[in-house]
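Me: I would like to learn how to read a protein model feature by feature. Could you take me through one slowly, giving the general idea before each case?

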Amino acid sequence: MTKDQLQNHYKGILDQGKMSPFQVIIVAICVILNMNDGIDVLVVSFSTGDIIKEWGLSKFDMGYVFSMGLFGMMIGSLLIAPLGDKVGRKLIFIVCLFMISLGMFLVSVCASYEQLLAFRLVTGLGIGGVLPTLAATASEFSNNKNRDFNVGLVQAGWPLGAIFTGFFCAYAIPNFGWRFPFFIAGCFSLIMLIVVLIYMHDSLDFLLKKQTKNNLQKINNILKKMKQEEIMTLPPVTLQPKSASLKSLFHVDFRNSTLKLWAAMFFGFFTLYTLMSWVPTIAKDSGLEFSLATYAGVLLNVGAMLGTICLGWLARKFSLKRTVFSFLIFAFIVMLIYGNISLSTVLIFIFIFLIGVFVQGGFNGLYAILSRVYPTEIRATGVGYAVGIGRLGAILGPTFFGFLSDDGMSISMLFTLFSIPLLVTGIVVFKLKSIHLK
């Protein structure tokens, strides 16, 4: 089979209107894997009080526990995820899930604050390596019709994991202690490691552009699972694929998009993680009782999950870029209203839900954009670096919010200030120029 024949064959698979059960399973695995991030954030948040009590920590000390996990995620995104373009997506999943499982299990038996910090770093490294690889994998196993929806659906795994973890921790920690949820989270990651070993494959696109030993057999195995015609030979490699490195992201074809996407991810993470970290406290300051304020965090994640799914559905009917832009503009408006108008209890919950829908829904659309801007051979690298830069915003945002709050800045001014990054992110997205986003 010639190169042109094979490309046409592969294009026909991508253009087909219906995905095979095998493709659906791969995307479903990616959704479940993304739950790890939501699980990780919530299991630490709900354990905070007990951890502080056990070791006599200050809130400042506990802040390092949060920061260490986020720092690990940033490093994992920058250094581990890009390796997926060289060694394959499946191997990255295996290594990172092992790290997540190990980190969670070790936290559940750690004997000191210093050990806790070290083990949180291990967990963060694994999660940071997995997340960008998920976007690349879901994109490459999807057909053209469902690609944006599927990449968005994968991001809905984060709030889904957060919702389940919130309810589970509320029951488990008072009855079994703060270590038990970490042990269960480790078991979940270990089960997903086994699932990946059995069911996950590198994509056809990756295998075709990274021709190595046994690739023909691997490709035909995937084609068989997708119920497609097998091939007899691989096409000759006439050109070397682009090198997957930081330098490749600044090639003349990608430089402008790379800088804009880094800015979008940084500002998006900056506001998103601030809201995820502070919403229960903000709700309480708005006049809600403590129990109701706790549920506000869960409602935020419910909105995030529904918003992410809705964005993916709308992106199939309208321009992906314009859909993400619209969500982020609505997010900017909703945050301004919430922070500057006196609201009843019912309206507080409604607006927290809408913040989840538009802020995280719009932000998660950036992953779909990332998967379209960069080609297969540098996709994991492009997504990894963008998410890594964004994680820096995730570290700085909540800290900056806390500092300004302690300094006496009003909720009105805080929400106005932290809504601006969403407007900036929306404008940056709208100005992106790529033939793949039209």
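Reply: Let us begin with disulfides, where the general idea is that a disulfide is a covalent bond between the sulfur atoms of two cysteines. Counting a pair of cysteine sulfur atoms within 2.5 Å as a disulfide, this structure holds 0 of them. Before going on, please note that this is a predicted model, in which local features need pLDDT of at least 70 and side-chain atom pairs count only at pLDDT 80 or more, while totals for chains, interfaces and linings use all residues. Residues are numbered from 1 along each chain as its sequence is written, and side-chain values use heavy atoms, with hydrogens and water left out.

Me: How many helices and strands does the protein have?

Reply: Helices (H or I, at least four residues) and strands (E, at least two) are DSSP runs numbered from the N terminus, and here they come to 17 helices and 0 strands. Helix H7, residues 147-155, is mostly covered, since 8 of its 9 residues are buried, among them Arg147, Asp148 and Phe149.

Me: Where does helix H8 bend?

Reply: The bend at a residue is the angle between axes fitted to the seven residues ending there and the seven starting there. In helix H8, residues 157-176, the bend is about 35 degrees and falls at Cys169, which is also one of the buried residues of H8. After H8 comes Gly177, with a positive phi near 95 degrees.

Me: How many salt bridges does a search of the whole structure find?

Reply: In general, side chains of opposite charge can pair when their charged atoms come close. With a salt bridge taken as a side-chain nitrogen of Lys or Arg within 4 Å of a carboxyl oxygen of Asp or Glu, the search finds 7. In one of them Arg391 pairs with Asp37, and their closest N and O atoms are 3.1 Å apart. That pair links distant parts of the chain, with Arg391 in helix H16 (residues 376-406) and Asp37 in helix H2 (residues 21-55), 354 residues apart. Arg391 counts as buried at 0% relative accessibility, and Asp37 counts as buried at 2%.

Me: Which residues are linked in a network of salt bridges?

Reply: The network is made of Asp85, Arg89, Glu140 and Arg379. Within it, the side chains of Asp85 and Arg89 meet at 2.7 Å, N to O, and both of these residues are buried.

Me: Which residues form a nonpolar patch on the surface?

Reply: Patches are made of residues with over 30% relative accessible area and no salt bridge, where like charges are joined within 9 Å and nonpolar side chains (Val, Leu, Ile, Met, Phe, Trp, Tyr) within 5 Å. Here Ile25, Leu190, Ile194, Leu197, Ile198 and Tyr199 form a nonpolar patch, with about 570 Å² of accessible area together, an area that comes from the Shrake-Rupley method with a 1.4 Å probe, where for residues only the protein chains shown count as cover. Helix H9, residues 179-199, gives the most to the patch, with 5 residues. Tyr199 lies in helix H9 and is partly exposed, with a relative accessible area of 45%.

Terms used: Buried < 20%, exposed > 50% of the residue type's maximum accessible area, 1.4 Å probe, protein only.
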